[in-house]
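Let's take a walk through this structure together. Have the sequence and the 3D view at hand as you read.

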Amino acid sequence: MPLQALRTVAKPQNGVGAFILQCKRLDFHYCDWAGSSRGMKYAAKHRQPPHLSMQTLYLLISSRSTSSFLKHNLSAFAAANPSIEISVSPRPGKHPVIRGSYVNGREKAICVRNLEPTEVVKKAEILKSANGEKLRIERKVVKSLNESVRGVWSPFHGREYRI
Amino acid sequence: MKRIRLDRWATQLQPPRNPRLHLQRCPFSSETRAPRRELQQRQDQIQHQWQHQRRHATTRRKLSSTAEVLGEDASGAPIPPGTLQDGELAASPPPPLYAPSHRRAAQSAKLSALHARLSLPSKLPLQTLARCLIDPSADPRTGYNNAPFAVLGQDLLGYYTSEYLMCHYPRLPMPVLFAAQYAYVGNATLGAMRAEWGVEVVAAPGMEVDPGLLQLKRTVPGNAMMDGETRQLKEMPQAKRLGSGRRNEEHGYRRGMSSRIVFDDQFGDLQSGLPPADARPYPGAAISSPAEDSVEAGSEQQQDALGPVTTPPSQLQTPEETHAITVEAGSASFIRALTGALYLHAGSAASKSFHRDHVLSRQLPLHTLFHFTHPTRDLSRLCDREGFEPPVARLISETGRLSRTPVFVVGVYSGDDKLGEGAGSSLNEGRVRAAAAALRSWYLYSPPDTDVVLPSEVEGAAGTGRAKKQWKPQMVDYGEIVT
């Protein structure tokens, strides 16, 4: 055979064409009894979302759970990130935790004990924008699949060095 | 030749066109700008509308077997036949389900997340996406699995990839073209793509699993032990052989490139599903009668032949009879089905942009696919054919000739023009590498982007409107080098 071919697989470049968000699932766990889940479930600070009706506002003011992450911020967070599968479930007797699952199969968890709802939102954003890899110091920040444009220096091309 | 109207063919996915309905199109589709949070509500509403219409429409028109609509209640459990209101439908019991009902598609968070993660258009309903995730090994009925979509999608992906390769690299030889096609849309790549999309695979298919999981009957790994044996499965002789679909296959003729182009699939591999030449047909097969003088000989051969009796796929009705497949094959059928479903629901422009975003965005260095056996011979034949001066190898520079690590940089010249250059640790190696580099530069020629017009940009629905490009005749190469 004069010419044969070698089979390989084309390498993915996430973002060049379509962008796939690496965080595919977020689990929110809380505890009904413990006080560390207050920011997740309850909060002391009162917030007035403008789109709620007066009846809903009255119900909110009358109960202690005025503004909490699960009640107010989660639905907006889920609507803003439709590609993440979100589940909420109680974990009695434990601190509240957000657990993220990623496309590379790894999981990351952040304990949100004693945090305010806005801080819980920030932790959720951290998990959303992560890619599941282990945290490491990147020594070479520029990575590319293409070879160098100007070429690597070689002693056999170019001006010879003569003494 | 008339243009194939795929929107007519796709009526099995759509209800009968009823002028009383507010929407004059597929009830599962919605406006392109519908907000995602209203999508599911709208889908449920329209689905209920269509179901009420269809109750009265079954006698008028025989629809092909789509997913089960009337045999269950909202939770997905089958309704006992006695409780059905409609007298016409009480006669037939609801067909069994081997995969989650399509009603659960709108309630699955995994499925909606997948739909959004891939930025699929809202014209593609969640129910169809759920059906694309059901492999024929999980449910062999073609009205319930992704096989019809996969057939269409495989052709679409192959068409878009091959036209891209042929128009951008007109001189690619056939083996490399097959390998590049496999690298872009082959089974291995599609299996990796499914994992990159975050689509998980079930351990075993069933009605209770989440609709957002890929359902297939998984084959036993090769390093598992055979029952009652001390050897592993992969060391046992394979009972199933593939047929090649060629005449005189039993004589074992060489499968050359031209033969692969005519008989094999888009990657140059044997077509799946063809029985080998010595297989006995299933009972009741419509066999074309051989010539009269060889009838007796043919019948004797059929009785004496020892081979597997093939079962037609239409006779399989339960997952217990289907063959188990690998996760890679199931992933490939899912992605092909998704492309086909996108074409049917959202049009050719959507499927083309899907291919561009997910397939063509991948990086494939074509120069790594070449494997030469005699590059110097091929190069001299090429120069002779093209009318160039015969190639001559000259030493450009060298070092360490008598040492342990010499380096010779050799260039191949045709007259005064350097065709290629290569470095090696011997003079011969440098010469051969230089010839290989020259051949690669010939084969990987690419016309300027302004001269490249793909056929799909001109023909079909993608070409209509003001975005239609003007056709320019594309470069067709003289052919491969004959040695």
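## A word on polar contacts

Residues adjacent in sequence count only if both atoms are side-chain atoms. Keep in mind, too, that what you're looking at is a predicted model.

With that in hand, chain B and chain A have 14 residue pairs in polar contact, both residues being at pLDDT 80 or more. On the side of chain B that touches chain A, at least two residues each come from helix 3, helix 6 (174–185), helix 7 (187–196), helix 11 (348–360), strand 1 (370–372), strand 2 (392–399) and strand 3 (407–414) of chain B. Sort the residues on that side by type and you get 22 nonpolar, 13 polar and 10 charged.

## Where the two chains meet

How much area do chain B and chain A bury between them? It comes to about 3300 Å², with 58% of it on carbon and sulfur atoms. On the chain B side, Arg117(B), Gln363(B) and His371(B) lose the most area to chain A, and together they make up 22% of what that side buries. As for who takes part, chain A brings 30 residues to the contact and chain B brings 45 residues.

Three salt bridges turn up across the interface of chain B and chain A. One of the salt bridges to look for pairs Lys24(A) with Glu200(B), where the closest N and O atoms are 3.0 Å apart. The chains also share some strand pairing: strand 1 (residues 3–5) of chain A lines up antiparallel with strand 1 of chain B, over three bridges. Within that pairing, Ala5(A) has Phe370(B) as its bridge partner.

## Chain A and its strand 4

Now for chain A by itself. This chain holds three helices and five strands, and along the sequence they come in the order β-β-α-α-β-β-β-α. Of the 163 residues in chain A, 34% are buried. Look at contacts in chain A with a separation of 6 or more, and 67% of them link residues 24 or more positions apart.

Strand 2 (residues 23–30) of chain A runs antiparallel to strand 4, joined by six bridges, and Arg25(A) sits opposite Ser101(A) of strand 4. Strand 5 (residues 107–111) of chain A pairs with strand 4 too, again in the antiparallel sense, through five bridges. Here Val97(A) faces Cys111(A) in strand 5. Strands 4 and 5 of chain A make a hairpin with four residues between them, and Gly105(A) in the turn has a positive phi of about 95°.

## Helix 3 of chain B

Over in chain B, helix 3 (residues 109–117) is mostly covered, with eight of its nine residues buried. Among them are Leu111(B), Leu114(B), His115(B) and Arg117(B).

The two ends of helix 3 are worth a glance. At its start, a side-chain oxygen of Ser108(B) comes within 3.4 Å of the backbone nitrogen of Lys110(B). Just past the helix, Ser119(B) adopts a positive phi of about 50°.

How values were computed. Residues are numbered from 1 along each chain as its sequence is written. Chains are lettered from A and ligands numbered from 1 in the order in which they are written. This is a predicted model: local features need pLDDT of at least 70, side-chain atom pairs count only at pLDDT 80 or more; totals for chains, interfaces and linings use all residues. Side-chain values use heavy atoms; hydrogens and water are left out. Two strands pair if DSSP finds at least two bridges between them. Buried means under 20% relative accessible area, exposed over 50%, partly exposed in between (1.4 Å probe, protein chains only). A polar contact is a pair of N or O atoms within 3.5 Å; within protein, one must be able to donate a hydrogen and the other to accept it, and residues adjacent in sequence count only if both atoms are side-chain atoms. Contact means heavy atoms within 4.5 Å. Buried area is the accessible area (1.4 Å probe) that two parts lose on being put together, summed over both. A salt bridge is a side-chain nitrogen of Lys or Arg within 4 Å of a carboxyl oxygen of Asp or Glu. Ala, Val, Leu, Ile, Met, Phe, Trp, Tyr, Cys and Pro count as nonpolar, Asp, Glu, Lys and Arg as charged, and the others, Gly among them, as polar.
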